[in-house]
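Take a walk through this structure with the sequence at hand. The tour starts at one residue and then widens.

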Amino acid sequence: MSSSTIMSASENPATSYLDGPRLLADVGGTNARFGLERAPGQIDSIQTLRCADYAEFALAVEAYLSGSEHPQVRHAAIAIANPVQGDDIKMTNHDWEFSIETTRRRLNLDTLLVVNDFTALSMSLPHLEQSHCIQVGGGRALSGGVVGLVGAGTGLGVGGLIPTEGRWIALGSEGGHVTFAPSDAREAAVLAYCWRTYSHVSAERLVSGPGIEMIYQALSDMQGIAKPEPLQTAQIVERALQGQDGLCMEVVEVFCGMLGTVASDVAVTLGTLGGLYIGGGVVPRLGEYFARSPFRARFESKGRFSNYLARIPTFVITAPYPAFVGVAAILSEHLGGGNAVPILEKIRKARDQFSPAEQKVASLILAHPRAVMSEPISEIARRADVSQPTVIRFCRTMGCQGLADFKLKLASGVTGTVPVAHSQVHVGDSSLDVGVKVVDNTISAMMEVRDNLNADTLSRVIEVLSQASRIEFYGFGSCGLVAEDAQQKFFRLGIPSSAYTDPQLQEVSAAMLKSSDVVVVISNSGRLRHLAPAVEVAVHSGATIIALAPSNSQLAKRAHYTLAVEHDESSMMHIPMVSRILLLLLIDVMAVGVSLNRSSPFAELQRQAKRGILTHIASLGESDSDKITAEVDGKPAQSKRSDQEVTLSPNVISHIK
C-alpha cells in the first residue's frame with residue numbers, strides 16, 4: 001500500500017466541497033488506486049491496493065475508506081479497465097464482478113459513476129500540465145483537432161477526444177482487442193508462435209505488460225533457447241535498460257515497434273491531428289530509452305500516409321495519477337460543475353445581492369446543481385442549513401413561481417432536459433415530492449430497460465413473432481392485464497392472438513400449440529409457480545417461449561428468449577405500477593418491431609378489419625331502423641335509425657378506437 005498527494009487539499013471552506021470529499025478510483029487488472037478530491041483539482045490521500053487481496057470491489061473500497069480520516073463521502077467516480085455497459089460490471093483482466101447500483105447502496109453513496117479507464121484518461125488530457133507530458137519525435141498539434149490515446153499496462157487501452165461546441169467528448173473504445181498485424185518478418189514469427197496457443201491474437205496479447213513476457217518467450221523459441229530463464233515484465237525491462245541482456249533488449253525493441261504500429265493505426269483511424277498520447281504503466285518505465293526506440297520511426301512508417309503521420313505529434317504521459325484527473329472532471333460535470341449555464345450564471349452574478357440565508361442556498365446550488373434537481377425541499381433546506389421558506393423565497397427571487405418551477409429551469413440549463421434520477425420515497429414527503437419521485441423513478445427504470453436491451457435478442461424475438469402463425473400471452477394479476485393489452489396489439493397486426501390469465505386455460509391451450517406458434521410469458525418476478533405446467537406443456541408442444549421477466553429468474557432459464565425486466569418490487573417502498581409500465585413498454589417495443597417487419601401486407605389487413613367492424617355496426621343499425629354515422633376509409637357510412645336506441649358492445653367500441 002502506498003500513499004501520496006497530487007495536490008494539497010485546501011482548508012478554505014469557500015473552495016472545499018460543501019458535502020464532503022469525493023471518492024476517486026482507478027481500477028486496473030492488478031491494482032486499484034484510490035484518492036479523495038476535497039476541492040476542485042485538489043486530490044490527496046492516494047493509496048494503492050492489490051486487487052488480488054480483496055474478494056470483491058466493494059471490500060477494497062471499504063478498506064480504503066476505513067483507513068482514511070474524512071467526512072462522509074457522498075459522491076464517487078470509478079475508472080475501470082473494462083467495458084462499461086449497463087449496471088453489471090464483469091472485469092476482463094480480473095475476477096471482480098459487481099452491480100453499480102447495488103454497490104452504490106452498499107457504500108451509502110448518493111452518486112456512483114463507473115466509466116472505462118481510458119475514457120477517464122482521455123478526459124484528463126485537457127487538464128494535464130505541460131510538464132506532465134513529454135513529446136517523442138516531431139509534429140505539431142492542430143488546435144481543436146481530435147486527440148488520440150493509447151496505453152499499455154495490464155491490457156491495451158485505446159481512446160480519443162473529440163472537440164465539439166467548446167467542450168470535449170470522450171470516445172469509448174475497445175481498440176486494444178483488434179487483431180494484431182505484424183510489420184516485419186520477426187513480428188510475423190512472433191505471431192506464428194502465439195498461434196500455437198491462441199486461435200485469435202489481439203494487439204493486447206503482445207502490446208501490453210503481459211505481452212512483453214509473451215514476446216520474450218517467442219524470441220527465446222526463435223533463438224532455440226529450450227528453457228529460457230523465467231522472467232517477469234519488470235525484470236525484462238530492467239535488464240534491457242541496463243544493456244546487459246541482448247535477448248531482453250530485443251524484446252523491448254520489438255515491443256516499442258509494435259506499439260508504434262498500434263499508435264499509427266489509431267492516428268489514421270481517428271484522424272488525431274490534435275496529437276496522440278501514450279499512457280499506461282509500461283512506457284513511463286522505459287524512460288529516455290523510449291525516445292530513441294523504434295516507436296516513432298514505426299509510427300511514421302505508413303507508406304503513402306507517412307507524411308500525414310509525420311505531422312502528428314506523440315506524447316508520453318508522465319503525470320503520476322492522470323486517471324484521477326479525468327474521472328474527477330467527469331464527476332464534476334455530472335454533478336453540474338462543468339460549463340457555465342445561464343441560470344447558474346445568473347445566480348453567480350446575483351450572489352452578493354442575496355440575504356445571508358439565501359447565499360447559503362445559492363452556494364449549495366452552484367456546487368451541486370444536479371443533486372438539487374432530484375432532492376425534496378426538506379433535504380435542500382437541511383443541506384443548506386436554512387429553513388424551507390428560505391428556499392422558496394430564493395426560488396421566487398430568481399423569478400420562479402416555486403421550487404418545482406425552479407428545478408425545471410435548472411434542469412433545462414444543466415442537462416437540456418428534465419432531470420431523471422432514482423429517489424427513495426420517504427415518510428413526510430410532500431405530495432409534490434411524492435409525485436416527482438414516482439415519475440422520476442418510473443423514468444429511471446425505463447431508461448435502465450433501454451440501456452440493457454440486447455440487440456441480438458430483440459432482433460431475434462421480433463423475427464420469431466413476425467413469423468408466428470399464432471401468439472398466446474400468459475400472465476396473472478397485473479401481468480394478466482399486460483397480457484390482454486398485448487393480445488389487442490398483436491391481433492390488430494393481423495396475427496391470430498389470445499391472452500390467458502387462468503392457469504387451467506393456459507395449460508389446455510398450450511397443449512394445442514404447434515411448432516410455428518409462440519408463447520409470450522409475462523411475469524414481474526420470473527418465478528414459475530402457477531406458470532410452470534403451462535410453460536412445460538408449451539415446450540413439449542414445440543412452441544417457442546419468449547419471457548418478459550428478470551434475466552436470472554426461473555422463467556428466463558426455461559424460455560428460449562428473454563427480454564429482461566429487472567425492477568425489484570420486493571422492497572417496502574416499492575412503486576407498484578413500475579413493473580407493469582416496464583412490461584407494457586416491452587410489449588410496445590415488440591409490437592412496433594413486428595409492425596415494421598410486416599408493414600406492407602398487414603396495413604391493408606387492419607383496414608379490412610376496421611371496415612368489417614363498421615359494416616357490422618351499420619347492419620345492426622339497419623335492422624333496428626337505426627341511424628349510425630361512421631367513417632370507413634375516410635368516407636361517411638350512414639344507416640337509418642328508429643326512436644329506439646341501439647346499444648353497442650364494449651368489445652366493438654374498443655376495436656373502433
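I162 is partly exposed, with a relative accessible area of 36%. On this scale, buried means under 20% relative accessible area, exposed means over 50%, and partly exposed lies in between, with a 1.4 Å probe and protein chains only. I162 sits in strand β11, residues 156-164. Strands (E, at least two residues) and helices (H or I, at least four) are DSSP runs, numbered from the N terminus.

The model is predicted: local features need pLDDT of at least 70, side-chain atom pairs count only at pLDDT 80 or more, and totals for chains, interfaces and linings use all residues. Residues are numbered from 1 along each chain as its sequence is written, and side-chain values use heavy atoms, with hydrogens and water left out.

I162 also belongs to a nonpolar surface patch with I169 and L171. Together they have about 210 Å² of accessible area. A patch takes residues with over 30% relative accessible area and no salt bridge; nonpolar side chains (Val, Leu, Ile, Met, Phe, Trp, Tyr) are joined within 5 Å, like charges within 9 Å. Accessible areas come from the Shrake-Rupley method with a 1.4 Å probe, and for residues only the protein chains shown count as cover.

Now turn to charge. Side chains of opposite charge can pair when their charged atoms come close. The structure holds 27 salt bridges. Each is a side-chain nitrogen of Lys or Arg within 4 Å of a carboxyl oxygen of Asp or Glu.

One of them joins R38 and D44, at 2.9 Å from N to O. Are these two residues buried or exposed? R38 counts as buried, at 19% relative accessibility. D44 is buried as well, with a relative accessible area of 12%.

Another salt bridge pairs R196 with D221, the closest N and O atoms being 3.0 Å apart. This pair links distant parts of the chain, 25 residues apart. R196 lies in the loop between α4 (185-195) and α5 (203-206), while D221 lies in helix α6, residues 209-222. R196 is exposed, with a relative accessible area of 59%. D221 counts as partly exposed, at 34%.

D245 and R239 also meet in a salt bridge, at 3.4 Å from N to O. D245 counts as buried at 18% relative accessibility, whereas R239 is partly exposed at 27%. Elsewhere, salt bridges that share partners join R74, D110, E375, E379, R382 and R383 into one network.

Next come two helices. Two packed helices are described by the angle between their axes and the distance between the axes. The axes of α23 (residues 503-511) and α24 (residues 532-540) come within 8 Å and cross at roughly 5°. Axes are lines fitted to C-alpha atoms, for helices over the stretch in contact, and angles run from 0 to 180 degrees between N-to-C directions. The two helices are therefore roughly parallel to each other. Which residues meet between α23 and α24? Q506, E507, A510 and A511 in α23 meet P533, A534, V537 and A538 in α24. Contact means heavy atoms within 4.5 Å. Angles under 35 degrees count as roughly parallel, over 145 as roughly antiparallel, 65 to 115 as roughly perpendicular and the rest as oblique.

Finally, step back. The chain has 28 helices and 21 strands. Of its 657 residues, 47% count as buried.
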